[in-house]
Amino acid sequence: MVLLSLDLKVSGIEGSDLLLLLCLSALSLIYFYLGFVMFNEVPLRSRIKKASFHGISKRRVVFSIAVGWILSILCLGWLFKWMFWKGSQTMLAFGISAAVFLFIAMVSFRNDGNRHFSRKVFVRLGIIWLTSSLFYFIP
């Protein structure tokens, strides 16, 4: 939906700004509130039950919450950049810097038991970090 709204915005179709605002805001909210559920593969219906987090370390929960927050900030930075609002450079700079620090922390605390978790987080964080870095340097 984000790519569709960007295509509509580039084409100059009315309403594309609203669609872009809704899509990126929704994506940001999903990452912010449900990041730990998505990255830990906890079923959405059982996210309240303590048994669903059995076998997941506290460090993994903290990292997944931090990744969700950082991805949320980067999505809002994209939104501000594409809508030409003030503050986009600040959001992107903070998100990019925080992603680098989190990446270094995850590499230093990485163990073999969390390979699937680490791979999924590294891929998603890497793609969004590269895209955000490109947007940061585009005027």
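A residue counts as buried when its relative accessible area is under 20%. By that cut-off Leu125 is buried in this predicted model, because its relative accessible area is 3%. Leu125 sits in helix α5. Setting aside neighbours within four places in sequence, the contacts of Leu125 are Ile70, Leu71, Ala99 and Leu102. One of these, Ile70, is 55 residues from Leu125 in sequence, while the two C-alpha atoms are 8.8 Å apart in space.

Phe117 belongs to α5, which spans residues 115-137. Its relative accessibility is 4%, so Phe117 also counts as buried. Beyond the residues up to four places away in sequence, Phe117 touches Phe39, Asn40, Arg60, Phe63, Ser64 and Met106. Phe117 and Glu41 are separated by 76 residues in sequence, and their C-alpha atoms lie 8.9 Å apart.

The helix pairs come next. Two packed helices are described by the angle between their axes and the distance between the axes. Helix α1 covers residues 2-11, and its axis comes within 8 Å of that of α2, with a crossing angle of roughly 155°. An angle over 145 degrees counts as roughly antiparallel, which means that α1 is roughly antiparallel to α2. The contact of this pair is made up of 7 nonpolar, 2 polar and 2 charged residues. On the α1 side the residues are Val2, Ser5, Leu6, Leu8 and Lys9, and they meet Ser16, Asp17, Leu19, Leu20, Cys23 and Leu24 of α2. The crossing of α1 and α2 is left-handed.

Helix α2 also packs against α3, which runs over residues 58-82. Their axes come within 7 Å and cross at roughly 170°. The pair α2 and α3 is therefore roughly antiparallel as well. Sorted by class, the residues in the contact of α2 with α3 are 18 nonpolar, 7 polar and 1 charged.

Which residues does Ser28 touch, not counting those up to four places away in sequence? They are Ser72, Cys75 and Leu76. Ser28 is part of α2, residues 16-40. With a relative accessible area of 4%, Ser28 is buried. The side chains of Ser28 and Ser72 make a polar contact at 2.7 Å.

The axes of α3 and α4 are 8 Å apart, at an angle of about 155°. It follows that α3 and α4 are therefore roughly antiparallel to each other. By class, the contact of α3 with α4 has 18 nonpolar, 4 polar and 1 charged residues. The α3 residues in this contact include Phe63, Ile70 and Trp78, and those of α4 include Ala99, Leu102 and Met106. The crossing of α3 and α4 is left-handed.

Phe84 lies in the loop between α3 and α4, the latter spanning 88-108. Most residues other than glycine have a negative phi. Phe84 has a positive phi, near 60°. Is Phe84 buried or exposed? The cut-off for exposed is over 50% relative accessible area, and Phe84 is exposed because its value is 70%.

How values were computed:
Residues are numbered from 1 along each chain as its sequence is written. This is a predicted model: local features need pLDDT of at least 70, side-chain atom pairs count only at pLDDT 80 or more; totals for chains, interfaces and linings use all residues. Side-chain values use heavy atoms; hydrogens and water are left out. Helices (H or I, at least four residues) and strands (E, at least two) are DSSP runs, numbered from the N terminus. Buried means under 20% relative accessible area, exposed over 50%, partly exposed in between (1.4 Å probe, protein chains only). A polar contact is a pair of N or O atoms within 3.5 Å; within protein, one must be able to donate a hydrogen and the other to accept it, and residues adjacent in sequence count only if both atoms are side-chain atoms. Contact means heavy atoms within 4.5 Å. Axes are lines fitted to C-alpha atoms, for helices over the stretch in contact, and angles run from 0 to 180 degrees between N-to-C directions. Angles under 35 degrees count as roughly parallel, over 145 as roughly antiparallel, 65 to 115 as roughly perpendicular and the rest as oblique. A crossing is left-handed if the near helix is turned anticlockwise from the far one by less than a right angle, and right-handed if clockwise. Ala, Val, Leu, Ile, Met, Phe, Trp, Tyr, Cys and Pro count as nonpolar, Asp, Glu, Lys and Arg as charged, and the others, Gly among them, as polar.
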